Amino acid sequence: MKIGAYMQINQMYQTSKTKNNAQAGKSRGSSDKIELSSFGKELSVARQAVSEAPEVREDRVAELKSAIKSGTYDLSVDRLADKLVDKYFG
């Protein structure tokens with residue numbers, strides 16, 4: 001699971017929540033009504049999927065541990081460097 005994706009979804013949700021709370025405070029009617037846009041529904045589905053996803057992919061961790069232990073894990077330093085540069089500078 002990518003933490004960045006979860007953080008973006010959470011940030012969008014918090015922004016939307018704050019905006020909706022501010023609007024709700026302005027108009028106090030005698031009845032309450034909620035209407036979700038298609039974006040809101042998709043956001044809800046995405047949040048649920050992220051919350052249900054495991055934090056750690058146990059199968060992948062076991063596979064990597066086994067490869068490291070047996071000495072068959074191949075780490076390309078060039079590939080690692082490229083990914084780090086892309087992530088932090090690209």
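Select Ile68, Tyr73, Leu75, Leu80, Leu84, Val85, Tyr88 and Phe89, which together make a nonpolar surface patch of about 880 Å² in this predicted model. A patch here is built from residues with over 30% relative accessible area and no salt bridge, nonpolar side chains (Val, Leu, Ile, Met, Phe, Trp, Tyr) being joined within 5 Å and like charges within 9 Å; accessible areas come from the Shrake-Rupley method with a 1.4 Å probe, and for residues only the protein chains shown count as cover. Residues are numbered from 1 along each chain as its sequence is written. Local features need pLDDT of at least 70 and side-chain atom pairs count only at pLDDT 80 or more, while totals for chains, interfaces and linings use all residues, and side-chain values use heavy atoms, with hydrogens and water left out.

Next, select residues 77–89, helix α4, which gives the most to the nonpolar patch, with 5 residues. Helices (H or I, at least four residues) and strands (E, at least two) are DSSP runs, numbered from the N terminus. The 13 residues of α4 should span 18 Å at 1.5 Å a residue, and the end C-alpha atoms are 17 Å apart, which agrees; the expected span is 1.5 Å times one less than the number of residues. Of these 13 residues the number buried is 0, so α4 lies largely in the open, where buried means under 20% relative accessible area, exposed over 50%, and partly exposed in between (1.4 Å probe, protein chains only). Within α4, pick Leu84, which counts as partly exposed at 43% relative accessibility.

A search of the whole structure finds 1 salt bridge. Glu63 and Arg60 are 3 residues apart in helix α3, and are therefore separated by about one helical turn. Glu63 is partly exposed at 48%, as is Arg60 at 34%.

Now select helix α3, residues 58–70, which reaches 18 Å from its first C-alpha to its last. Just after α3, Gly71 takes a positive phi of about 85 degrees.

Finally, show the whole chain, whose secondary structure comes to 4 helices and 0 strands; of its 90 residues, 6% count as buried.

Definitions and conventions
A salt bridge is a side-chain nitrogen of Lys or Arg within 4 Å of a carboxyl oxygen of Asp or Glu.
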